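Thanks for coming. I will go through a few local features of one model and keep to the geometry. Please have the sequence and the structure open.

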Amino acid sequence: MKSSNIGGQAVMEGVMMMNKDHYSVAVRRPDGEIEVKVEQHRPLTKHKGLLKVPILRGVFSFADSMIVGMSPLMYSASFYEDEEEEKKKPATKEEEEQQKAKKEKTDRLMMYGTVTFSVVIAVVLFLMVPYFLSELLHKAGAGTTLTAVAEAFVRVALFLGYLAAISRMEDIQRVFMYHGAEHKCINCVEHGLELNVENVLKSSREHKRCGTSFLMYVIVISIIFFMFIRVDSPVLKIVMLEQEINVEIDKYVDLKRKITGEIQSLQDPQFIKVLFKRYVEYKGFDKIAVELKCSERNVYTIHGQAL
C-alpha cells in the first residue's frame, strides 16, 4: 500500500479532502442532497526558505492547517445557518448582495478570530496550566522527577478529559462518524481499490496518519523529554518543545520511508503485505490475519520467513 498524500478532516455533515494545492468539501444539506465544492489552497507563505527554518516552519504549518481546517468547517455550517435564515429573505436583489458580502466578511473575521482563540486556549490549557501546577508541587517540596511526572499526568488528563467531554455532544458524535468515513475513503484509495460505497465500507476506519492520534505521539514525546530536561522559563520551555517535536517528526518520517523502501524491495508479495501491515501500519498479527483471510499462525510463519 502506497501513501496517496491525501489528507482530510470531518466537517458538519460532511468531509473535506485535500491533496497538494487543492481541496474539496462534500456536505449533506438539510434536504438530503450532497453539495460539493473544490477550491485551490493558497498557503500563508510561498517562501520555501521560511518553511525550512526550525520553529518558523512549525508555526506556519500549524497556522496554515488551522485556517485550511476552519474554512471548510464554516462552509459546512453555513448550510444550516441558511436553513434558519430562510424566513428572513431580503426584499430586493441589491439587499441580497449586500447581505452576502457582509456575511463573507463576517465569516472571514470569525475564522481568523477562531484560529487565534484556539491557539491561545491550546497553549494555556495544554502547556501553561500543567507547567504552573507542577511548579506549585515543586514549591511544596516535591523533587524534580516527581514534578515532571505530575506535569505529564496533568497534560494527559486534560487531553483525554477534553476528548471525553466533547464526545458527549451529539453534533460532535456526528463529526466523529464522518471522521471515520474520511479514514475509510483514504484507506480505500491507498489500497488501490475503486472508490465506491462497497469498497469504502470494507476499508478500515483507522488510519496511520490520523492527526488526532498524532497528538498522542506529541504528548508522549513531550512527557519523556521534560522528564529528563527541566526548563525554568515557560516561554523557553514552549520553544524547546516545538523544536523537539519538529526533530522527532523528521526522524519518524525518515524512518518510515526507509522501512517502506526495504519492505517494497522484497520479491514475494505476501512478505510485502505482512511486513507493511505490521511495521508501517502497526497492526497486530490477529488483524493482519483477518485482512489477509488466513490463520494467525500462517501470518506468523510468513512474518518469520520474510525476516
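I start with helices H9 and H10, whose axes come within 8 Å and cross at roughly 105°. Axes here are lines fitted to C-alpha atoms, for helices over the stretch in contact, and angles run from 0 to 180 degrees between N-to-C directions. On the H9 side the contact uses Phe285, Asp286, Ile288 and Ala289, and on the H10 side Glu296, Val299, Tyr300 and His303. Contact means heavy atoms within 4.5 Å. By class, these contact residues are 5 nonpolar, 1 polar and 2 charged. The classes are Ala, Val, Leu, Ile, Met, Phe, Trp, Tyr, Cys and Pro as nonpolar, Asp, Glu, Lys and Arg as charged, and the others, Gly among them, as polar.

Some ground rules before the rest. This is a predicted model, in which local features need pLDDT of at least 70 and side-chain atom pairs count only at pLDDT 80 or more, while totals for chains, interfaces and linings use all residues. Residues are numbered from 1 along each chain as its sequence is written, and side-chain values use heavy atoms, with hydrogens and water left out. Helices (H or I, at least four residues) and strands (E, at least two) are DSSP runs, numbered from the N terminus.

Back to H9, residues 285–292. Which of its residues are buried? They are Phe285, Ile288 and Ala289. They lie on the same side of H9, because they cover an arc of only 100° around the axis; the arc is that of the directions from the helix axis to the C-beta atoms. Buried means under 20% relative accessible area, exposed over 50%, and partly exposed in between, with a 1.4 Å probe and protein chains only. The cover over these buried residues includes H8 and H10, the latter spanning 296–306.

H8 and H10 also meet. Their axes come within 9 Å and cross at roughly 100°, so these two helices are roughly perpendicular to each other as well. Gln270, Phe271, Val274, Leu275, Arg278 and Tyr279 of H8 meet Val299, Ile302, His303, Gln305 and Ala306 of H10. That contact has 7 nonpolar, 3 polar and 1 charged residues.

Is Lys277 buried or exposed? Lys277 counts as buried, because its relative accessibility is 10%. Leaving out residues up to four places away in sequence, Lys277 touches His191, Tyr282, Lys283, Ile288, Glu291 and Leu292.

Now backbone angles. Most residues other than glycine have a negative phi. Lys293, in the loop between H9 and H10, has a positive phi near 60°. Lys293 is exposed, because its relative accessible area is 78%.

Glu13 is not a glycine either, and its phi is positive at about 55°. Glu13 sits in the turn of a hairpin formed by S1 and S2, with 2 residues between the strands. S1 (residues 6–11) and S2 (residues 14–19) pair in the antiparallel sense over 6 bridges; two strands pair if DSSP finds at least two bridges between them. Within that pairing, Gly8 has Met17 in S2 as its bridge partner. Glu13 itself is buried, with a relative accessible area of 19%.

Definitions and conventions:
Parallel < 35°, antiparallel > 145°, perpendicular 65-115°, else oblique.
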